[in-house]
Amino acid sequence: MSKRFERALESATDQTLVEPNWEAILECVDFIRGGDIPAKPALALIQKRYHNENPHVAHHALLVLEACVKNCGKKFIDEIATKEFMNDFKNVVIEGAPEKVSNKILELIQCWSFAFREKPEYKIVGDTHSLLKMNGFDFPTLKEADAMFLADSAPEWADGANCFRCRVEFGLLTRKHHCRACGQVFCDKCTNYQMLLPQFGIEKKVRVCGVCYEKQMKKQVL
Ligand SMILES: O=P(O)(O)O[C@@H]1[C@H](O)[C@H](OP(=O)(O)O)[C@@H](O)[C@H](O)[C@H]1O
Ligand SMILES: [Zn+2]
Ligand SMILES: [Zn+2]
């Protein structure tokens, strides 16, 4: 198990936090994207945290879950779109969790159900959404923008021996880095940009490559 992931999850879901610890949330995302910990055990650890009886810990765990679904790509989504996970997830609401926790779960199920509405392989999510609706649970207003990102979920992190842009060979003095937007692997010089990625729900500046930086800046200007 990745000790580093567990430590990042601990800090991201610390019960004394009064607001999200974005640094730690994104570290959790990076450890999964970077293959430090496989999606399945990572999700199991997040699950344990949202079952925590302290509603703050549980709610922060749901923010980690939300960021992972938005940024860790298919390998993570495949793990949440399963009968066992969706069963456990909906039961937290049905068994009557604190309002702040239940509302966040309902928001996530609705968002994912909308985002995966055209993906039969993730049908269980829509079914869970319908089941909760039939049981009379009220869902918050759907933030479409929030759900749109999942249509083209974040790309898997590429690997390689050379920088994707300048082709320099990685080694002791030329470390690998990843662009959080396109997932490609670069040298430090080619990913010397930091920016927010709202489409992935990333509210803190993260490392991106020059191409993605230009693209995103143009989008923000238009
Ligand atoms: O420095 P290293 O020990 O090589 O580890 C690299 C860093 O963790 C990079 O994080 P960053 O992209 O945030 O720099 C990550 O993208 C690479 O995959 C890792 O190999
Ligand atoms: Zn380079
Ligand atoms: Zn990029």
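**Exercise 1. The ligand**

Task: Find which side chain has an N or O atom 2.8 Å from an oxygen atom of ligand 1, then describe the surroundings of the ligand.

Solution. 
Step 1. The side chain is that of histidine 178: one of its N or O atoms is 2.8 Å from an oxygen atom of ligand 1. This is a polar contact (a pair of N or O atoms within 3.5 Å; within protein, one must be able to donate a hydrogen and the other to accept it, and residues adjacent in sequence count only if both atoms are side-chain atoms).
Step 2. Arginine 180 places a polar side-chain atom 2.7 Å from an oxygen atom of ligand 1. For arginine 207, the distance from a side-chain N or O atom to an oxygen atom of ligand 1 is 3.3 Å.
Step 3. Check the cover. Ligand 1 taken alone exposes 450 Å², and the protein buries 58% of that. Such areas come from the Shrake-Rupley method with a 1.4 Å probe; for residues, only the protein chains shown count as cover.
Step 4. List the surroundings. Trp157, Arg175, Lys176, His177, His178, Arg180 and Arg207 surround ligand 1. A residue is listed if one of its heavy atoms lies within 4 Å of the ligand.

Before going on, note the basis of the work. This is a predicted model: local features need pLDDT of at least 70, side-chain atom pairs count only at pLDDT 80 or more, and totals for chains, interfaces and linings use all residues. Residues are numbered from 1 along each chain as its sequence is written, chains are lettered from A and ligands numbered from 1 in the order in which they are written, and side-chain values use heavy atoms, with hydrogens and water left out.

**Exercise 2. Threonine 13**

Task: Say where threonine 13 is placed, and whether it is buried or exposed.

Solution. 
Step 1. Threonine 13 is in the loop between helix H1 (3–12) and helix H2 (22–33). Helices (H or I, at least four residues) and strands (E, at least two) are DSSP runs, numbered from the N terminus.
Step 2. Its relative accessible area is 0%, so threonine 13 is buried. Buried means under 20% relative accessible area, exposed over 50%, partly exposed in between (1.4 Å probe, protein chains only).
Step 3. A polar atom of the threonine 13 side chain lies 2.7 Å from the backbone oxygen of leucine 9.
Step 4. Beyond neighbours within four places in sequence, threonine 13 is in contact (heavy atoms within 4.5 Å) with Arg49, Val57, His60, Ala61 and Val64.

**Exercise 3. Phenylalanine 137 and glutamate 203**

Task: How far apart in space are phenylalanine 137 and isoleucine 94, C-alpha to C-alpha? Treat glutamate 203 and glutamate 23 likewise.

Solution. 
Step 1. Phenylalanine 137 is in the loop between helix H8 (123–134) and helix H9 (144–148). Its relative accessible area is 25%, so phenylalanine 137 is partly exposed.
Step 2. Phenylalanine 137 and isoleucine 94 are 8.9 Å apart in space, C-alpha to C-alpha, and 43 residues apart in sequence. Leaving out residues up to four places away in sequence, phenylalanine 137 touches Val93, Ile94, Leu106 and Leu132.
Step 3. Glutamate 203 is in strand E4 (residues 202–208). With a relative accessible area of 52%, glutamate 203 is exposed.
Step 4. Glutamate 203 and glutamate 23 are 180 residues apart in sequence, yet 9.7 Å apart in space, C-alpha to C-alpha.
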